[in-house]
Amino acid sequence: MKKQLLSVLPVLCAAMSIHAQDVTSYRGAFAPAPVRQWTESWTNFDPQNTPYGTPNVTVSADIITNTTWTSNNVYLLSTVIYVNSGVTLTIQPGTVIRGASGNASLIVVRGGKLIAEGTVCNPVVFTSNAAAGSRAAGQWGGVILLGNAKHNLGTNNLIEGLSNADPRNFHGGTDDNDNSGVVQYVRIEYSGFIFSANNEINALTMGSVGRGTTIDYVQVTRGDDDAFEWFGGSVNAKHLVAYQCKDDDFDSDNGFSGTVQYALGIKDPNFSDASQSEGFESDNSATGIDGQLPKTSAKFYNVTQIGGFRCASNTAASGVAPTALFLHRRGVRVRRNSDLKIVNSILMNNWRGLFADNAVVGANPTAPVTVNYNEDSAVFRNNIVAGDFTTTWTGTTYNGTKSLAWEDVNSRNIGTLAAYQNDSLNSCSVLADAWNVNPSLADFRPNVAGDGAIVTDPASLNNGADLVPIIEIGTSIFGKTGNGQSPEAISEDFVVNILETGSGATNGLIAVAIPKPSGWDVTVPGIILTGVPVSGISGISDIGGVPTPNYNSNWNFRDDGANIVATSKPGVIIAKSDFTTIGFVVTLKASTPTGTNQNLGVAVTGGGTITASSTITILTH
């Protein structure tokens with residue numbers, strides 16, 4: 001633990017200072033209860049049956065002067081509408097924009113701006129013009145932002161899905177601070193018109209969009225291609241929802257270097273793309289050839305991605321596979337020399353969790369892609385890969401197979417390397433209520449009590465944890481002199497060292513319990529213990545005059561009445577043959593009579609395998 005802690009923190013701190021993402025103590029898109037889900041109020045998980053009003057303003061000409069669309073109107077995009085360079089289109093909160101059948105789209109060209117700034121109670125909505133009950137993916141085009149930020153194929157690149165006959169369809173430049181406007185509290189529904197095979201419009205397409213642009217609180221529903229796709233650019237984004245889209249949820253290409261934090265992706269088991277639907281897909285370029293700079297190096301923090309393999313309940317081995325020829329495959333597909341970074345995330349219920357292509361195509365075509373991970377240019381750290389890994393699927397596509405956390409040897413090496421601190425869980429209970437039949441009532445917050453069992457992917461099995469606790473204390477003699485103890489002790493620091501002595505690293509939740517002796521108080525430095533878990537504070541414990549570091553910030557502490565309990569935070573593991581240290585204080589009670597001898601014990605469970613061990617120190621007064 002000590003070694004891993006030192007290796008991870010500099011990475012996070014460096015990223016924090018440059019990109020200013022929030023520092024969180026949890027994995028996935030949502031904080032544990034009682035913190036409310038950030039999807040409340042502005043999202044819509046049933047747009048099929050939402051009455052949106054009849055359009056009364058038809059937009060058939062490009063936006064060539066500064067224009068405002070107001071919430072008392074419903075707008076119809078009748079064709080491809082451009083917001084020209086030097087022009088700003090402002091859309092008021094609560095405004096509804098409907099796309100006519102076909103390629104009707106809104107395109108903001110280089111130098112133009114879109115200010116679509118809704119509110120939590122009045123989001124801006126882009127949706128199909130079909131009547132409620134008859135809406136479907138691909139009934140209109142989508143929203144496209146084009147900017148002047150860097151792209152690794154140059155400064156003039158045709159955006160996917162559009163014609164090269166119009167120069168406004170190109171993007172790229174040298175200004176990573178470029179500003180294309182504000183897209184905040186916005187929903188985009190039923191987009192993705194298909195011009196031709198493999199030539200669709202994504203729901204929200206960002207071509208070379210700069211970090212001066214604001215992308216925050218955006219939901220994409222039932223798009224016929226990707227939900228969010230970035231082609232180059234440096235724009236940052238937060239609070240993204242990809243709901244039941246056909247292809248990838250988060251697709252990054254051509255040197256995209258922004259930071260994305262808090263994102264939720266949910267697949268429909270019976271809706272997928274022939275190219276195989278992924279949670280993440282990332283390429284440096286179509287060929288991955290070395291020398292194409294800047295490299296795709298996007299950073300994704302706190303993502304919850306739910307694939308197409310459902311659980312019938314929160315019980316493991318209750319899984320339901322997609323039927324017929326639906327091609328749901330991976331939570332993450334990293335390929336073609338991408339340096340994608342995914343941290344503090346939950347990827348669950350996919351056929352395969354992580355796949356990193358076998359080779360980096362370039363000067364050395366045999367170089368494994370894991371070189372990128374070993375150099376920390378690509379990152380997959382502190383994530384949970386979860387799902388039903390025990391059920392043997394039936395049906396056309398997946399018959400006779402099982403889901404796996406890691407697709408192949410390279411992917412497994414990345415996912416299971418102790419220093420990367422990932423967990424794979426054979427569990428459907430990672431989230432509190434992901435399977436509610438009414439998605440608007442689903443609870444995607446982490447289920448603290450349901451961390452699941454160690455993965456049963458046969459290729460990833462180890463022999464589980466074998467945890468041994470050892471107490472170190474300066475003196476166990478209180479209120480006395482003699483026996484070499486001077487001065488007499490009333491309070492003493494002590495630490496619990498937890499050793500991993502088995503054949504592999506710990507996995508999952510680790511719990512340490514110290515039964516409370518009646519004659520002494522056991523406390524934790526720097527915090528007040530109650531029945532509610534409280535985060536610890538790392539510091540120095542004085543063990544017989546010797547400063548000893550403790551790593552309490554990796555643990556939550558509580559007093560359950562009978563025990564002082566420490567539970568590991570998500571991502572905490574103890575590597576094979578390594579150990580970690582937790583600091584406590586024991587204080588003699590004034591009422592304890594002389595001559596009292598009591599035990600100070602500790603028990604530890606963890607790693608998905610129960611390891612009931614204890615060690616005893618005699619407290620003497």
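Which residues line the largest cavity?

Reply: The lining consists of Lys267, Ser277, Glu278, Gly279, Gln305, Gly307, Gly308, His328, Arg329, Arg330 and Asn350. This is a predicted model: local features need pLDDT of at least 70, side-chain atom pairs count only at pLDDT 80 or more, and totals for chains, interfaces and linings use all residues. Residues are numbered from 1 along each chain as its sequence is written, and side-chain values use heavy atoms, with hydrogens and water left out.

First, the term. A cavity is a set of points, on a 1 Å grid over the protein atoms alone, where a 1.4 Å probe fits but cannot get out; lining residues have an atom within 4 Å of a point. Grid points are joined across faces, edges and corners, and a volume is the space filled by probe spheres set on the points. The count is one cavity of 30 Å³ or more.

Rings of Phe, Tyr and Trp (its six-membered ring) pair if their centres lie within 6.5 Å; planes under 30 degrees apart count as stacked, over 60 as edge-to-face and the rest as tilted. Strands (E, at least two residues) and helices (H or I, at least four) are DSSP runs, numbered from the N terminus. Both Phe309 and Trp393 are buried. Buried means under 20% relative accessible area, exposed over 50%, and partly exposed in between (1.4 Å probe, protein chains only).

The whole structure has 23 aromatic pairs. Ring pairs also join Phe30, Trp38, Trp42, Tyr185, Tyr217 and Phe444 into a cluster.

Charges meet rings too. Arg352 lies over the face of Trp351, 3.8 Å from the ring centre. The charged end of Arg168 sits over the ring of Tyr82, at 3.8 Å from its centre. The rule: NZ of Lys or CZ of Arg within 6 Å of the ring centre and within 35 degrees of the ring normal.

Now the backbone. The peptide bond from Leu293 to Pro294 is cis, with omega near 0 degrees. Pro294 belongs to the loop between strand 22 (280-282) and strand 23. Ala33 and Pro34 are also joined by a cis bond, with omega about 15 degrees. Pro34 lies in the loop between helix 1 (2-19) and strand 1 (57-59).

Two residues have positive phi without being glycine. For Asn382, phi is near 55 degrees. Asn382 counts as buried because its relative accessible area is 15%. For Tyr190, phi is about 60 degrees. Tyr190 is buried, at 4% relative accessibility.

Terms used: On a 1 Å grid over the protein atoms alone, a cavity is a set of points where a 1.4 Å probe fits but cannot get out, and a pocket is an open set with protein on both sides within 12 Å along at least five of seven lines; lining residues have an atom within 4 Å of a point.
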